[in-house]
Amino acid sequence: MTKPSLPDLLHAAVSAVGGTERPGQVAMAEAVAEAIDDNSHLLVQAGTGTGKSLGYLVPALAQGERVVVATATLALQRQLVERDLPRTVDALHPQLRRRPQFAMLKGRSNYLCLHRLHEGVPQDEEEGLFDPFEAAAPTSKLGQDLMRLRDWSDETETGDRDDLTPGVSDRAWAQVSVSSRECLGASKCAYGAECFAEAARERAKLADVVVTNHALLAIDAIEGAPVLPEHEVLIVDEAHELVSRVTGVATGELTPGQVNRAVRRSAKLVDEKVADQLQTAAEGFERVMELALPGRLEEIPEDLAYALMALRDAARAVITALGSTRDRSVQDEDAVRKQAMASVETVHGVAERITQGSEYDVVWYERHEPRGGAAYRHSGASLRVAPLTVSGLLREKLFTERSVVLASATLKLGGDFNGVGASLGLAPEGTTGDDLPVWKGIDVGSPFDYPRQGILYVAKHLSRPARDGDRGDMLDELTELMQAAGGRTLGLFSSMRAAQQAAEELRTRVPELPILLQGEDTLGELIKNFAADPKTCLFGTLSLWQGVDVPGPSCQLVVMDKIPFPRPDDPLMSARQKAVEEAGGNGFMAVAATHAALLMAQGAGRLVRATGDRGVVAVLDPRLATARYGSYLKASLPDFWYTTDRNQVRKSLAAIDAASKAANA
């Protein structure tokens with residue numbers, strides 16, 4: 001039997017999802033197939049509207065080996081499992097003569113834990129265990145959520161939190177889920193045979209395609225205990241997010257509240273002397289943290305070093321004691337012990353990591369606004385430790401065993417793939433050497449005609465934004481642009497404070513245009529309301545730069561208040577910048593400009609989401625037009641028609657507004 005051709009398979013899959021084949025998608029599918037055949041690696045930039053999920057799924061399914069697809073967002077995971085994969089598998093079946101199986105796999109805390117649900121939560125308070133279902137008044141929101149979870153547990157097949165609609169609060173979910181460290185293990189647990197997380201793992205072991213998220217991929221790479229089944233091909237979608245997700249997983253944190261929880265959880269399970277040692281160490285740590293000032297710790301101060309060593313040694317003693325004592329008076333003691341062990345091991349791990357002081361780690365204090373609740377009763381400071389870079393880790397763990405395809409709408413910054421490649425541990429494209437992974441970058445373009453569909457406007461006449469300075473002229477400009485556009489504005493701000501100030505000010509200036517502000521409702525609701533009414537505007541920060549997909553007339557003006565460089569006092573970014581400079585590189589370009597370029601490319605990508613979309617991306621920061629790095633940032637953005645003429649832009653916005661009104665009249 002002749003092997004079906006890739007163009008035929010792609011054609012069948014595209015027809016099945018009701019799409020149209022695009023040249024970029026065909027080029028992408030061919031490049032993915034080639035990388036898999038050569039056992040090499042591929043970075044592929046595929047603009048919005050290319051149909052990139054089919055561009056990698058079809059060649060991956062055709063080659064017949066096991067594939068893991070890791071995505072950054074829940075929405076994309078669901079889209080793959082509920083829509084793209086079922087249709088693609090059905091469409092390819094007649095030609096492939098097989099029906100590849102697929103499954104979704106997430107971290108354990110995403111699944112309902114039947115043990116927690118039926119046996120209650122080991123509590124931190126003095127009375128030991130209690131049943132949350134009895135303690136939470138049935139009339140309270142928490143009580144109602146818990147009753148709903150109990151009913152749902154009888155009917156759900158997956159136990160996956162994302163299958164529960166409407167959802168429940170984090171607080172309610174915490175009562176019925178466990179982390180992998182707190183889990184008793186299927187063999188020891190009375191509910192092991194029915195466990196939802198174990199069932200998901202079993203399904204993943206049997207599947208040809210496993211869909212997961214970046215965080216689980218990072219845990220799999222970092223912790224050495226494999227979570228994902230063995231696989232020959234790894235596809236990382238939304239790959240521009242990977243480095244920050246891996247950094248997040250590799251970051252450790254200690255807070256007084258968390259240390260005190262570990263003390264409370266373990267106190268009843270070990271003898272008094274060992275418990276007192278941890279209690280004393282916790283008090284010492286809390287005293288040091290009360291005086292903590294935010295910022296990087298290039299060297300660990302003596303008082304902190306002493307407190308951390310005391311904490312490390314006391315935690316180690318508790319871990320040893322927990323392993324050797326048994327207390328039959330504690331009901332369901334295994335679960336209580338496991339939760340205590342998880343808490344104390346985390347404290348021990350972070351304290352030891354900071355005391356050992358690796359030159360590859362960055363340590364800093366962070367202060368948080370005090371909020372209510374037990375976790376925040378203590379000092380609002382945390383001690384954090386993160387890797388200076390994850391590139392070595394990614395090179396070693398990601399690119400050695402399998403072929404890796406990294407796909408995103410934004411991987412090519414300043415005109416090439418080397419910046420993103422370096423952050424992933426890849427040498428510049430074309431470099432050869434014994435241990436160097438072989439890779440290539442390909443930009444398959446976009447089906448959109450950017451120069452005709454969009455304008456990039458830089459407000460060159462505005463004053464340069466100063467840190468925390470008054471930006472009255474920027475607000476004047478924003479007001480005029482929004483009025484010209486008739487609303488339809490997505491405002492992307494570099495800080496929450498800037499977004500709040502702008503929303504407050506503009507709600508007074510242009511009351512006829514409703515302004516939604518991130519944080520005033522869930523992101524899903526805000527986006528839904530923004531899309532429903534063309535006059536409505538939406539203001540917010542980081543998650544809006546990447547998570548808004550509103551085609552059509554509701555989003556015709558995307559405004560960036562300023563170039564989103566990392567804050568100069570961001571400890572991790574400034575440490576990374578300094579390290580590049582010490583190695584003889586340009587730290588600003590390698591770290592700050594790359595970070596800004598990625599966010600701006602993502603932000604500008606919110607404007608044109610469909611072939612009929614028209615509009616303006618307005619950057620209210622003159623540095624994009626005047627600074628030397630401006631051309632690098634512009635080269636990272638879609639190829640819009642470019643202008644600094646404010647009158648031209650107002651006319652264009654008014655014309656787009658009039659055309660939209662006429663079309664919807």
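Okay, housekeeping. What we have is a predicted model, where local features need pLDDT of at least 70 and side-chain atom pairs count only at pLDDT 80 or more, while totals for chains, interfaces and linings use all residues. Residues are numbered from 1 along each chain as its sequence is written, and side-chain values use heavy atoms, with hydrogens and water left out.

Let's start with strand β1, residues 41-45. Helices (H or I, at least four residues) and strands (E, at least two) are DSSP runs here, numbered from the N terminus. For burial, buried is under 20% relative accessible area, exposed is over 50%, and partly exposed is in between, with a 1.4 Å probe and protein chains only. By that rule 5 of the 5 residues of β1 are buried, so the strand is largely enclosed by the rest of the structure. Both of its faces are covered: His 41, Leu 43 and Gln 45 are buried on one side, Leu 42 and Val 44 on the other.

Next, an open sheet of 4 strands, antiparallel, in the order β6-β9-β8-β7. β6 (252-254) and β7 (295-296) stand at the edges with a single partner strand each, so one side of each is left without a neighbour in the sheet. The partner of β6 is β9, residues 381-387, through 3 antiparallel bridges, and Gly 252 stands opposite Val 385 in β9.

On to helices. The axes of α23 and α24 come within 7 Å and cross at roughly 145 degrees. Those axes are lines fitted to C-alpha atoms over the stretch in contact, and the angles run from 0 to 180 degrees between N-to-C directions. Contact means heavy atoms within 4.5 Å. On the α23 side we get Met 573, Arg 576, Gln 577, Val 580 and Glu 581, meeting Gly 587, Phe 588, Ala 590, Val 591, Ala 592 and His 595 in α24. By class, the contact has 6 nonpolar, 3 polar and 2 charged residues. (Ala, Val, Leu, Ile, Met, Phe, Trp, Tyr, Cys and Pro count as nonpolar, Asp, Glu, Lys and Arg as charged, and the others, Gly among them, as polar.)

Rings of Phe, Tyr and Trp (its six-membered ring) pair if their centres lie within 6.5 Å; planes under 30 degrees apart are stacked, over 60 edge-to-face, and the rest tilted. The structure holds 7 such pairs. Phe 448 and Tyr 450 are edge-to-face, 6.1 Å centre to centre with 80 degrees between the planes. Phe 448 counts as buried at 8% relative accessibility, and Tyr 450 is buried at 14%. Phe 565 and Phe 588 have centres 5.3 Å apart and planes at 55 degrees, so that pair is tilted. Phe 565 is in the loop between β16 (557-560) and α23 (571-582), and Phe 588 is in α24 (587-604), 23 residues apart. Phe 588 is partly exposed, at 26%. Going back a step, Phe 448 and Tyr 450 also form one aromatic cluster with Phe 640.

Last up, salt bridges: a side-chain nitrogen of Lys or Arg within 4 Å of a carboxyl oxygen of Asp or Glu. The count comes to 36. Lys 106 and Asp 162 form one, with the closest N and O atoms 2.4 Å apart. Lys 106 sits in the loop between β3 (102-104) and α5 (114-119), Asp 162 in the loop between α7 (141-155) and α8 (170-174), so the pair ties together parts that are 56 residues apart in sequence. Buried or exposed? Lys 106 is buried, at 4%, and Asp 162 is buried, at 18%.

Then there's Lys 141 with Asp 145, at 3.0 Å, N to O. Both lie in α7, 4 residues apart, about one turn of the helix. Lys 141 is exposed at 53%, whereas Asp 145 is buried at 3%. And finally, a network of salt bridges links Arg 312, Asp 313, Arg 316 and Glu 352.

How values were computed
Two strands pair if DSSP finds at least two bridges between them.
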